[in-house]
Amino acid sequence: MYELKQDWMPPERPQSYCLEDYEGGAPRWCPGCGDLAVLSALQRYVRDQQLPPEKIVVVSGIGCSSRLPHYVKAYGFHGLHGRALPVACGVRSRRPDLHLFVATGDGDCCAIGTAHWIHAIRYNMNMTVMLLDNNIYGLTKMQSSPTTGKGHYSNTHPGGAPLSAINPLLTTLSITNASFVAQTADWNPPHLYATLAAAHAHKGLSFVRVLQRCPHFMAGYFDELQKDPSLVRLLTHENGIAVDPAVQKAFPNRVEHDPGDLAGAMKFAGDRETHPIGLLYRNDQAESYDTFMASGLGTPANVKVAAIERELDRFTI
Amino acid sequence: MSVPKANEQAGTPRARLAQVVNQHIVEIVSDSGEGAQTCGQMFGTISAKMGNGVWTVEIIPAEIEPPFRSRAGASGNRIRVGKGVVTNMGDQADLVVAFNEQVLYSRIDVDAIARGAHILLESKWKDDRSEDIREAYAAALADFESRGFIVHEVPMETECLKVVSDARRGKNMWILGALSAIYERDVSLIDAELERKFKRKGQKVIDSNVNLVRAGYDWADANIDLRYRIPVAPTNVPTVVMNGNTAVGLGVMAAGMELCSMYPITPATSASHYLAGSFSKVGGVVHQAEDEIAAIGFALGASYAGKTPVTITSGPGLALKTEFIGFAVMAELPIVIVDVQRGGPSTGLPTRVEQGDLLAALFAAPGDAPKIVMAPATIEECFHFMVTARKLAESFRGPVLVLTDANLATGQQNFPRPEVREEWIAPPIDQSAWDRDVRPYDWDGATGLSERPVPGQKGGNFVLTGLAHDENSRVAYESAINQHSMEARSRKLAALRKTLKTPDVYGDDTGDLLVVGWGSTLGAIEEAVDRLREEGRRVSSLHLRFLSPFEPGLREIFSRFKKVMTVEINYSDDPSFGDARRLAQLAWLLRSETLVDVDCWSQVPGTPLAPGIIADVVRSRLSENGSAAAAGAR
Ligand code: SF4
């Protein structure tokens with residue numbers, strides 16, 4: 001049911017993996033947490049693609065969402081707060097063969113990891129980055145995050161967050177070399193799935209912001225969006241993310257947007273009244289650091305020794 | 001343009017009799033930007049090529065853009081040339097070339113020049129248009145003579161202008177020629193160096209430099225009545241000459257590492273510059289990250305993916321990396337971290353030497369994070385320790401810190417050419433299926449060692465984490481599991497220690513005093529010990545290469561000496577502070593390791609330690625030892 005096209009069939013493989021093959025430890029998120037939807041979409045997607053679990057690496061930082069690697073039965077790297085992206089870039093640097101997914105949160109990516117976020121976009125290495133944005137710190141129990149809306153109550157700002165939130169979409173779009181920027185919502189699994197699929201298929205860094213519900217500390221925060229569909233603008237285009245009728249029904253406020261149009265993408269991303277859902281921007285021509293990093297991979301040992309000998313010649317007296 | 005052949009002109013035997021010396025220390029100082037560094041380094045290289053031992057040290061200006069002709073601006077090079085192996089910068093200079101008299105004062109201020117030293121001084125300032133400059137020059141000249149220096153006024157600029165139009169850019173080569181005459185250097189070797197150095201700039205530049213060298217040579221030959229001959233100790237082993245940062249870079253390649261992830265920081269950066277130029281020849285890449293944290297994070301990503309990386313940094317960078325170093329200990333990820341120590345705390349003395357990061361290297365991490373810490377003592381070891389460090393990082397599955405310092409990083413030394421072996425280079429990542437019965441942290445009870453699956457290996461899937469975890473990498477909060485896993489990680493150091501050999505004592509095995517050092521001070525300490533032993537004093541020394549874990553047998557060695565003291569380039573209080581005294585860093589560690597009342601002497605002059613000062617300190621501590629202060633020993 002989640003396939004992009006009805007007539008699409010997975011290629012035949014010697015081994016076929018089922019959902020269970022991707023199931024790691026039992027998720028320990030709160031009931032109703034949006035992270036569960038992301039986990040399930042990811043597992044379904046890799047199952048549908050029949051990606052060998054040993055070829056998948058899920059990297060994360062610290063936070064609720066960063067627990068995600070523990071729940072996927074693949075290779076995982078649950079690292080340090082804010083540092084998922086440099087680690088993922090390092091994995092990618094010498095291993096073009098792996099399928100790389102990054103789970104990061106709004107605190108992780110947009111506060112402590114901001115510098116890495118900006119530079120990872122610039123490096124544009126092939127990976128799928130999922131920003132699970134619940135607009136609050138959940139793991140450490142409700143402190144304001146950089147995406148918490150102005151005036152919203154938190155433990156660090158009992159009188160309401162004093163400043164406006166930063167806009168991760170606008171920020172990402174404005175970084176040189178942005179190559180894939182999309183937004184989706186945890187409460188619409190088909191769109192979430194389709195977004196991950198498009199992101200994974202894209203060569204380069206795909207940045208997917210997921211509007212993620214935290215019923216525990218941000219109960220009802222996205223209710224308005226769910227109740228009033230006019231607040232969400234569904235971006236569609238033949239070069240965008242494929243939407244099936246169910247998605248269109250859920251987000252009836254629909255606009256055509258060519259993802260090649262950066263100015264248009266910024267307009268939708270910066271609109272204070274509505275939230276865009278869909279592919280804002282894609283540039284298949286963006287430069288990628290992968291090419292630079294992968295140069296020289298697999299140089300045989302004897303070639304290396306000969307090169308070092310030549311280097312030593314330069315210093316020999 | 002035809003250039004005279006070396007033997008037609010320069011190499012002809014001269015009537016003057018050269019004075020034979022076993023070693024000499026030459027300094028070249030100028031305002032920064034006048035090329036004294038290049039001149040000094042080339043003089044060192046040529047001397048090494050002629051078979052002498054050399055050790056060069058950079059003289060670095062105190063300010064980034066010092067005013068012209070100021071004491072703060074002295075820039076240049078000290079070159080110690082000797083008959084056999086030269087292991088340190090020595091004490092006071094015997095011959096100094098100064099492009100103006102003011103920069104010379106900065107060297108006089110730090111007592112770097114011997115009484116009786118010869119000074120070749122640019123004389124153009126005596127006819128300067130500014131009266132102030134003329135007066136300063138005359139006053140300095142009188143002052144230098146009253147201090148016992150022998151000044152030779154040299155019309156460097158005037159002579160250079162006979163050959164080139166811009167004397168400021170040619171003086172250094174002219175001086176190289178003059179020094180070559182005084183030290184009987186073979187100028188044809190300089191031609192080859194110039195050829196190599198300026199190849200990209202074209203034949204005109206090469207010729208103009210060759211002419212400058214010739215002119216300087218001829219002028220000095222005719223006008224300076226000084227000749228020194230430094231005998232060479234014959235050797236038939238092939239020899240290389242380079243600085244410590246280059247040695248680190250070459251070592252990284254020879255160790256088979258393919259990724260250097262770094263963020264620019266003085267004085268570590270030039271190691272990555274070297275790699276940036278040469279790494280691609282072995283299929284390696286340098287990643288310049290957005291910050292120090294990203295640099296090590298990126299490296300650890302590559303490590304997780306099966307490629308042991310190196311990150312090269314200095315004190316402030318090490319401070320930023322510590323969270324990830326703790327992570328690498330916890331998650332057991334191999335990585336080599338080179339810390340080229342500089343003066344601290346904080347941004348401290350960015351270009352100058354210190355050994356102040358030892359305790360930080362051992363302990364600066366969230367929680368108790370046992371890790372391997374090594375310190376090469378020579379430039380040769382900077383190369384070989386990279387190979388060892390990688391091997392240890394992989395075998396013991398964790399970070400290995402290698403502490404060098406600004407003295408090793410920028411000093412040049414000659415040493416036997418390493419024989420690179422193919423087995424040092426990494427085998428390709430093993431991607432064969434993982435044995436499902438082996439857990440990702442199947443800690444061996446005796447050694448704490450375990451095998452690690454690498455992404456791509458079927459059936460090896462696991463989630464690496466910095467949280468407390470069990471053998472399956474399952475996040476675990478149970479106290480018994482935490483105790484057990486901490487034990488496994490700690491046991492690795494004990495296991496490594498069992499494989500290390502007891503370090504050799506330099507000098508007799510017993511005596512009145514044992515000097516213990518680490519890192520770049522080796523040469524100066526051993527030279528001091530030699531001098532003291534010639535005086536009949538019962539002094540020996542011990543140099544430690546492993547700081548975590550320590551090499552075995554220290555307590556037993558210490559028991560054979562009446563007194564043990566460390567000599568280090570970090571801060572410690574004078575013994576007069578009594579109980580309130582803060583100790584030097586190695587002394588602190590050795591006390592807890594051996595329960596011996598280890599004394600210490602340390603200093604933070606921002607320069608390498610000279611053998612003379614170490615010998616003086618030991619003499620005074622020995623005489624204290626004869627008095628009531630002996631109670632403080634052991
Ligand atoms: S605190 Fe919020 S984000 Fe964290 S698990 Fe619970 S619902 Fe999810």
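Colleague: How many positive and negative side chains does chain B have, and how far apart do the centres of the two sets lie?

Modeller: This is a predicted model, to begin with. Chain B carries 67 positive and 80 negative side chains. The centres of these two sets lie 2 Å apart.

Colleague: How do I read the overall fold of chain B? What is the radius of gyration?

Modeller: Set the value beside the one for a compact globule. For 634 residues, such a globule would have a radius of gyration near 26 Å. Chain B has 27 Å, so the two agree. Along its principal axes, the C-alpha trace of chain B covers about 85 × 65 × 50 Å.

Colleague: How many helices and strands are there in chain B?

Modeller: Chain B holds 20 helices and 23 strands.

Colleague: What share of the contacts in chain B join residues at least 24 apart?

Modeller: Take the contacts between residues at least 6 apart in sequence. In chain B, 78% of these join residues at least 24 apart.

Colleague: And the surface? What do carbon and sulfur atoms supply?

Modeller: Chain B exposes about 24,300 Å². Carbon and sulfur atoms supply 50% of that area. Now the inside. Buried residues account for 61% of the 634 residues in chain B.

Colleague: Let me try single residues. Is His543(B) buried or exposed?

Modeller: Read the relative accessible area. Buried means under 20%. His543(B) has 6%, so it is buried. His543(B) sits in strand 20 of chain B, residues 539–544.

Colleague: Which backbone atom does the side chain of His543(B) reach?

Modeller: The backbone oxygen of Gly519(B), at 2.7 Å. Then look at the neighbours. Setting aside residues up to four places away in sequence, His543(B) touches Ala377(B), Pro503(B), Gly517(B), Trp518(B), Gly519(B), Thr521(B), Leu522(B) and Ile525(B).

Colleague: Where is Ile265(B) placed?

Modeller: In a loop of chain B, between strand 10 (259–262) and helix 10 (269–278). Ile265(B) is buried, at a relative accessible area of 11%. Beyond its neighbours within four places in sequence, Ile265(B) is in contact with Glu292(B), Thr313(B), Ser314(B), Pro316(B), Gly317(B) and Arg342(B).

Colleague: How many residues apart in sequence are Ile265(B) and Ile312(B)?

Modeller: They are 47 residues apart in sequence. In space, their C-alpha atoms are 8.9 Å apart.

Colleague: What separation do the C-alpha atoms of Pro399(B) and Phe149(B) show?

Modeller: Sequence and space are read together again. These two residues are 250 apart along the chain, and their C-alpha atoms are separated by 51 Å.

Colleague: Where is Pro399(B) found, and what does it touch?

Modeller: Pro399(B) is in strand 15 of chain B, residues 399–405. Pro399(B) is buried, with a relative accessible area of 3%. Not counting residues up to four places away in sequence, Pro399(B) touches Ile325(B), Ala328(B), Val329(B), Leu333(B), Ile335(B), Ile337(B), Lys371(B) and Ile372(B).

Colleague: Now chain A. Which side chains make polar contacts with the side chain of Thr274(A)?

Modeller: Look for partners and distances. One partner is Arg233(A), at 3.2 Å. Another is Asp271(A), at 3.0 Å.

Colleague: Where does Thr274(A) lie?

Modeller: In the loop between helix 10 (262–270) and strand 11 (275–282) of chain A. Thr274(A) counts as buried, at 11% relative accessibility. Leaving aside its neighbours within four places in sequence, Thr274(A) is in contact with Ser230(A), Leu231(A) and Arg233(A).

Key
Residues numbered from 1 in each chain as written. Chains lettered and ligands numbered in written order. Predicted model: local features only at pLDDT ≥ 70, side-chain atom pairs only at ≥ 80, totals over all residues. Heavy atoms only, no water. Helix = DSSP H or I, 4+ residues; strand = E, 2+ residues; numbered from the N terminus. Buried < 20%, exposed > 50% of the residue type's maximum accessible area, 1.4 Å probe, protein only. Polar contact = N/O pair within 3.5 Å; in protein donor to acceptor, adjacent residues only side chain to side chain. Contact = heavy atoms within 4.5 Å. Rg over C-alpha atoms; globule rule 2.2 N^0.38 Å. Areas by Shrake-Rupley, 256 points an atom, 1.4 Å probe, with all protein chains shown as cover. Lys, Arg positive; Asp, Glu negative; His and termini not counted. Charge placed at Lys NZ, Arg CZ, Asp CG, Glu CD.
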